[in-house]
Amino acid sequence: ERAKLIVKNFPPLKDIEIEVREMVTFIGAQASGKSTLAKLLSILEDEDFRINPKLDFESELEKYNIVNYLNNDSQIEYSSETYNQGFFSFKLSENKYEKNGIQNLISSFKDLHLSYEELNDRLNKMNNDKIDKNKTLPLFKRLEEQKSSTLEHSKKLLLILINLHFKRNKENLITVFEKNEHLKDIQLFIQEKSSDTFTMEELNFILEKENKLENIIKLFQNLIKTFPDLYLYDSIYIPAERNLIHILASNILGLINNKIQIPAHLLNIGQEYEKALQTVTELPLNLLDKKIKYKREGQNSYIYHSEIEKVNLLESASGLQSAIPILLLVEYSKSLKEEYNFNFVVEEPELNLYPKAQHELIKYLVKNCLFDRKNLILTTHSPFVLASINNLLLAYDKGQKNPKEVNKIIKKESWLNPKNFIAYELKNGKAKKIMNDKLGQISENMIDGVSDTFADEFDKLLDL
């Protein structure tokens, strides 16, 4: 299953239900709710919020300046059991919420084990007391059904955990099954498996000789021991106000210590950007201009137009000031890729960029933000961004038959698999899917609609 997000009565969002794939794009007019949706996903995909009981939802909303949208009628639900998004669910209604993740999964197993032991003790006591089963048949039947239900539920939880680890490290998963003598024959089955996830039928096949709950719990414990360090999830929210980040980064401690009234999400990304400045000291800027490059020298950042000609980033073109924070944060994340799943949220990547540069930036983001457990969420006003994405979707389709030829036009690492992408138009508090899954493209009328409006206006003027 894909991840799903439902939002109701959370202004400006009235009634939203969307599927969350590895890449999601929101387009719409100002104040249509694009940023609100992106911010909600940024919160729900962040590890601190997922597992830290001290982080309450209202505080997270406050970080993004959207806490005032919350009211008694607000409903927010998020659920995911896929590998890329991890096992996590969240539900808010009437200002009360609950969240469940991998830690809850472990707790559920412990609870199941206890309930199973209690059931067994009760049944054994009834047997030891030589109670006539015929006289208490309804109770015996109910207890046996409860045992069976507990077993089935435990299998479902186990299936989630196995799928979480299957794609991450197949060999370690095989080792887990080898620890159980009568499950060693499963090794070949796992090695030959081509799809990304196990099904319930396959799990029942694996557990054919492992139908006792005690043994399933042992298997579960072996999984936990083998994979103690689940990948962490971290949202990197790159806002539309990113031109300010460079100024914020150099003064971040003073701003925090003096409690300057700057939105918390800007301070957070300012801290991340400061780390990026220290890590990425030089970067070619081919996607903007093949002649220029970025260099960090001491406490200053420069744009080099030649070997000797340079200008301070703060005095450079607005397009550079808008694009460089994105590039540096993405490049910095590569140094952490063994520890984190990254959820990149980029607001209006097109800001201050010429259409060709917009296209190059989209290719860069797809190349760098959709592999090694990374997700990408974009908000945009630009039909050029949608057209650019369509080219990458088409490149993937055509590349299946003509890979060499397509690679000459668009490099393979920027091809976009339609199964991993979805797009929505936000309007009047609702979300309309504009991705045509059959064609593997964003609907053309969505892209052409903007130019048609201009053309219609132009025709009317010509007719005067």
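Two cavities of 30 Å³ or more are counted here, a cavity being a set of points on a 1 Å grid over the protein atoms alone where a 1.4 Å probe fits but cannot get out. The model is predicted, so that local features need pLDDT of at least 70 and side-chain atom pairs count only at pLDDT 80 or more, while totals for chains, interfaces and linings use all residues. Residues are numbered from 1 along each chain as its sequence is written, and side-chain values use heavy atoms, with hydrogens and water left out.

Select Arg242, Asn243, His246, Leu313, Leu314, Gln321 and Pro325, which line the largest cavity (lining residues have an atom within 4 Å of a point). Its volume is about 40 Å³, taken as the space filled by probe spheres set on the points.

Next, select the open sheet, where four antiparallel strands follow the order E8-E9-E10-E11 (strands are DSSP runs of E with at least two residues, and two pair if DSSP finds at least two bridges between them). At its edges lie E8 (282-284) and E11 (310-312), each pairing on one side only.

Now look at E10 (residues 300-304), which three bridges join to the antiparallel E11, and find Ile303, which stands opposite Val311 in E11.

Finally, select helix H13 (residues 318-333), which packs on the sheet and touches E8, E9 (293-297) and E10 (helices are DSSP runs of H or I with at least four residues, and contact means heavy atoms within 4.5 Å).

Notes
Axes fitted to C-alpha atoms, helices over the stretch in contact; angles between N-to-C directions. 1 Å grid on protein atoms, 1.4 Å probe; cavity = no way out; pocket = protein on both sides within 12 Å on 5 of 7 lines; lining within 4 Å.
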